Amino acid sequence: MEAYLQEVGALTMRWVKRLSREKFSMLFTLFQPMVFWLIFFGNLFQRTANPQVVQAPSYIAFLAAGVVVMTILNNGLAGGVDLLFDKENGFLERLMSTPISRTSVIMSRFLFVMTITSLQVLVILGVAYLFGVHPVTGFGGIAVIIFIGLLFGVGLTAISMALAFSVKSHGDFFSMLGFLSLPMIFLSTALVPLPAMPHWMAFLAQLNPMTWAIDAIRPLILTGWSDALPKIGIVVVIMVVFDSLCLWGASRAFRKTLG
Amino acid sequence: MNVPGPSVAFVAPPTIEALHLSKKYPGGTTAVEDISFHVNPGEVFGLLGPNGAGKTTTLRILITVLEPTGGTARVLGMDVVKDAKKVRQAIGYVPQERAIDRFLTGREHLQLLASLYHLPAGAAPARIREVLQLVGLEDKADEVARNYSGGMKRKLDIACGLIPSPKVLFMDEPTLGLDVESRLKIWAHIRELKARGITILLTTNYLDEADQLCDRIAIIDSGRVKAVGSPGELKSGLGGDVVTLTLAPADLGKVETLAQALKSVNGVRAVSTKQNLLDIRVASPAATLPAILTAVNAQGCHLDFVDYHRPRLDDVFLAHAGRRIKDE
């Protein structure tokens, strides 16, 4: 156990060190797009979005939950990128030639992605706060938002890592990410509530776990616990199923690459 | 009662033992087939062969990152499949690619490796200083690796492989793509490691590297071991020196007839041809050269060039693999 903690700790610190030396790429590729969705998209659609339809005091207030989950989605789906580069330049093989538990690399990645995602969720909620979006459930609600985010993130990160281990080239990896991420966003309640969607899109959106995460987080920000609790119950069940499926599918790729 | 037994020399068990290793992929490609060899304690052992011959596959099986589909291998007496984790703890590995994280400093690489080999936190800094000193990288230890030259990256690779104080070090193409000066330095490091009692298995497609650095080599081509022995043994095993005739281009058509004629010359052991070149293996050039020249004249051939040399590893490879290592 002590050895396992030593391995996972050292591997996680490696990701942290890398990030601290890639400040700009971090800032530009991860932080900005999501904050901009909130600031630009939120303000841009302020007048077009009908408060009756979005059921929120402002479009930004409606959008905040969507941007939080979009951040989780994008971070999770990009979670395997560094392993992809490690695989391509031989670093992964070097790690695998050392006497570490075969799961420590994956575990370090989960820990790192989850930590970064939680921090980013806090940043987004902070920016939203500046635009007058004050989560009605307070810090308790924020903790639950992060908890839901982590539940969703585990499955996504597992898919991303499995993909990183399975693809032939990193071009394939990035085109698959693009292929997954945009439809996931549009076929969810991130930008528009279910009743406002065309029927077929609403139907597909209900099959998207992202929708359920957003629908549980939104009342935590806008209305309150009594609205949120039943939806939190549902999303926890959905995420447990989602994560189990993702981990089960990914474990094949993990075993193949990591032995 | 001390009765001298029958004179059995003490033979140390081999440090590495590969027995009938094969690796077939589900797609049907066979990377290696029926590879067997052993490496004695303290040796520098080379797997020599062209790219794609199966050297790296063999090495990856031995360092436990690839499971063989047939055969077994032992490192320090431990099975590379069943005791994989113990093998990993006992060996060092220097990969072929510059497996370097360009955002980390040299020291941070070594700190990471020290943790992965579970060195106690108290012992790690001293060990890291020691390996940095050994490869001569102390001055650059705290610079990020993206600023390193090719030779420095290679040194860091080796330093990483030495962190666990391994009894056996596996090196994949240790000098691939390095300039001459850096190559010589890496060779010096490898000799230094051997002097410290580390057994080294390396892969190479450089004939001079195999010749000058390795105590014994296995020649590998098309996934199979073609010959095993010390470079000296392999060369003398060919039986005699090599006379190479270069025919005038105008006589290109007569190469085969001349080769036939030369085979019946007394003292000629073998003849092989390539375009207008004839490699003739002879017991003694001094005794046979006049007869060879007579045969050339008798066939009415004109020579551009005559050369004779002791067999080189190049000739050994040609004899066992049927082609030259650089004919790719």
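In strand β5(B), B:Asp79 is the bridge partner of B:Arg74. The model is a predicted one, in which local features require pLDDT of at least 70, side-chain atom pairs count only at pLDDT 80 or more, and totals for chains, interfaces and linings use all residues. Residues are numbered from 1 along each chain as its sequence is written, while chains are lettered from A and ligands numbered from 1 in the order in which they are written. Strand β4 (residues 70–75) of chain B and β5(B) run antiparallel and are joined by 2 bridges; strands are DSSP runs of E with at least two residues, helices are runs of H or I with at least four residues, and both are numbered from the N terminus. Two strands are taken to pair if DSSP finds at least two bridges between them.

These two strands belong to an open sheet of 4 strands in chain B, with antiparallel pairing and the order β2-β1-β4-β5. Its edge strands, β2 (30–39) and β5 (78–79) of chain B, each pair on one side only. Helix α1 (residues 55–62) of chain B packs on this sheet, where it touches β1 (16–24), β2 and β4 of chain B, and its direction makes about 115° with that of β1(B). Contact between two residues requires their C-beta atoms, placed from the backbone, to lie within 7 Å. Axes are lines fitted to C-alpha atoms, for helices over the stretch in contact, and angles run from 0 to 180 degrees between N-to-C directions.

A further open sheet in chain B has 6 strands in the order β6-β7-β8-β3-β9-β10, with mixed pairing. Strands β6 (91–94) and β10 (224–229) of chain B stand at the edges with a single partner strand each, so one side of each lacks a neighbour in the sheet. On average, neighbouring strands of this sheet are turned by 15° against each other, direction ignored.

Within this sheet, β8 (residues 199–204) of chain B pairs with β7 (residues 168–172) of chain B in the parallel sense over 5 bridges. In this pairing B:Val168 stands opposite B:Thr199, and B:Phe170 stands opposite B:Leu201. Strand β3(B) also pairs with β8(B) in the parallel sense, over 5 bridges, and B:Gly46 stands opposite B:Leu202. Strand β8(B) is largely enclosed by the rest of the structure, because 6 of its 6 residues are buried. A residue counts as buried if 20 or more other C-beta atoms lie within 10 Å of its own, as exposed if 12 or fewer do, and as partly exposed in between, with C-beta atoms placed from the backbone. Both faces of β8(B) are covered: B:Thr199, B:Leu201 and B:Thr203 are buried on one side, and B:Ile200, B:Leu202 and B:Thr204 on the other.

Helix α6 (residues 180–195) of chain B lies across β3 (44–48), β7 and β8 of chain B and runs at about 150° to β8(B). Helix α11 (residues 313–321) of chain B also packs on the sheet, touching β9 (216–221) and β10 of chain B, with its direction at about 45° to that of β9(B).

Most residues other than glycine have a negative phi. B:Glu173, although not a glycine, has a positive phi of about 50°; B:Glu173 is found in the loop between β7 and α6 of chain B. With 21 other C-beta atoms within 10 Å, B:Glu173 is buried. B:Ser222, likewise not a glycine, has a positive phi of about 50° and is placed in the loop between β9 and β10 of chain B. B:Ser222 has 15 other C-beta atoms within 10 Å and is partly exposed.

Chain B has 11 helices and 14 strands, and its C-alpha trace spans about 80 × 65 × 50 Å along its principal axes. Of its 328 residues, 43% count as buried. Among contacts in chain B between residues at least 6 apart in sequence, 70% join residues at least 24 apart. Chain B is divided into domain 1 (16–229) and domain 2 (239–310), with bounds that come from an automatic or database domain assignment. The C-alpha centres of these domains of chain B lie 42 Å apart.

The contact between the chains takes 21 residues from chain A and 22 residues from chain B. The largest share of the side of chain A that touches chain B, 8 residues, comes from α1(A).
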